[in-house]
Amino acid sequence: MTTEHQGKDRQMSKSRLWEQALTKLYINFQDYSKDALNGFGDEDIHQARVNSRKLLTLLSILDPSHSVTTELYSALKQAQKRLGRVRDADVLIGSFKERRKAAKAADQTKTAKLLKAVIKHQKAKRKTARKKLKQELPKLTGPALEASWNHLTGSGLAELAARTDANVVMRELEVAFEQKKKACKALFKGSEAGSKEAFEALHELRIAAKKLRYTANAAAFALDQKFHAHEAVYKAIQDQLGVINDKRLWLETLQSIGRQELGAGKKVWTAFTETLRDEVLEALYQNEVVPVTEIPGRHHS
């Protein structure tokens, strides 16, 4: 076999690996999307979102400028956004139901009442999000997406795969993560610790960790052995930072709704929002990604 033939075989093999990985995710995304619309099951919503995110990850590696995959990428991004709105509401409602259960068990009647009001408010928001998902997801996963998908796998994929090196992308993501981590550490060491800017930087760091995690998972077939442990490493980092981010967003959600809208008295409102704020600061203090020794507003026992 000539060197030219060997090169062509390698390219075809590379293209087939990409196609297999993409196709598996695409089928999963379509299946879970159909199931999600048939009852809005938590796990179906979650898996549809996860598979769309992995597809977006691979498409970003193959076609960073989205010059070939514009329509496909756009439709998947919109689907992921709509699924995300429902998923975020599911997570918040689930957490606050657990809190309400604990408050009732501790005979904290007023806190339980406040939590019930938050759950009711968020269920109304989720109902709107589900309605939009039911309207839009069938269009986003329908014939137009199928046509874009067939165009990619039928003709565009081989050329994209031939010029793609997922290892280069991984190294770039690692560099970006370390830069964001350095910026975070500087903010939390200085007078800005606990500021909105510091928490936003932490949120950006979590997103950078998530990109590394999803790239390590979705593109494992195309990565060198040294990157194979990255999924577990960056998932652990993402989880730690995610706890901080979730609690901070829940506190912001409560504040954006407002005490009067939820029919809560000043005393129970102040006590509960301070509890959430302390949880945010405690999660920040406990994290091992960006070590924090002193946090403004945190009372040491």
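**View 1. H66 in the loop between α2 and α3.** In this predicted model, the loop that joins helices α2 and α3 contains H66. The backbone of H66 adopts a phi near 55°, a positive value in a residue other than glycine. Most residues other than glycine have a negative phi.

**View 2. F40 in the loop between α1 and α2.** Helix α1 spans residues 3–37 and helix α2 residues 42–62, with F40 placed in the loop between them. For F40, phi is near 55°, which is a positive value in a residue that is not glycine. F40 counts as buried because its relative accessibility is 13%, and the limit for a buried residue is under 20%.

View 3. Helix α7 covers residues 196–218 and includes R213. Although R213 is buried, it forms no salt bridge. The nearest side chain of opposite charge belongs to E231, at 4.9 Å, whereas a salt bridge requires a nitrogen-to-oxygen approach within 4 Å. When neighbours within four places in sequence are set aside, the contacts of R213 are E231, Y234, K235 and Q238.

**View 4. A patch of positive charge on the surface.** The patch is formed by K81, R85, K125 and K132. Helices α3 (70–105) and α4 (109–140) are the elements that each contribute two or more residues to this positive patch. K132, one of the patch residues, is located in helix α4. With a relative accessibility of 36%, K132 is classed as partly exposed, since this class lies between the limits of 20% and 50%.

Definitions and conventions:
Residues numbered from 1 in each chain as written. Predicted model: local features only at pLDDT ≥ 70, side-chain atom pairs only at ≥ 80, totals over all residues. Heavy atoms only, no water. Patch = residues over 30% accessible without salt bridge, like charges linked within 9 Å, V, L, I, M, F, W, Y side chains within 5 Å. Areas by Shrake-Rupley, 256 points an atom, 1.4 Å probe, with all protein chains shown as cover. Lys, Arg positive; Asp, Glu negative; His and termini not counted. Charge placed at Lys NZ, Arg CZ, Asp CG, Glu CD. Helix = DSSP H or I, 4+ residues; strand = E, 2+ residues; numbered from the N terminus. Buried < 20%, exposed > 50% of the residue type's maximum accessible area, 1.4 Å probe, protein only. Contact = heavy atoms within 4.5 Å.
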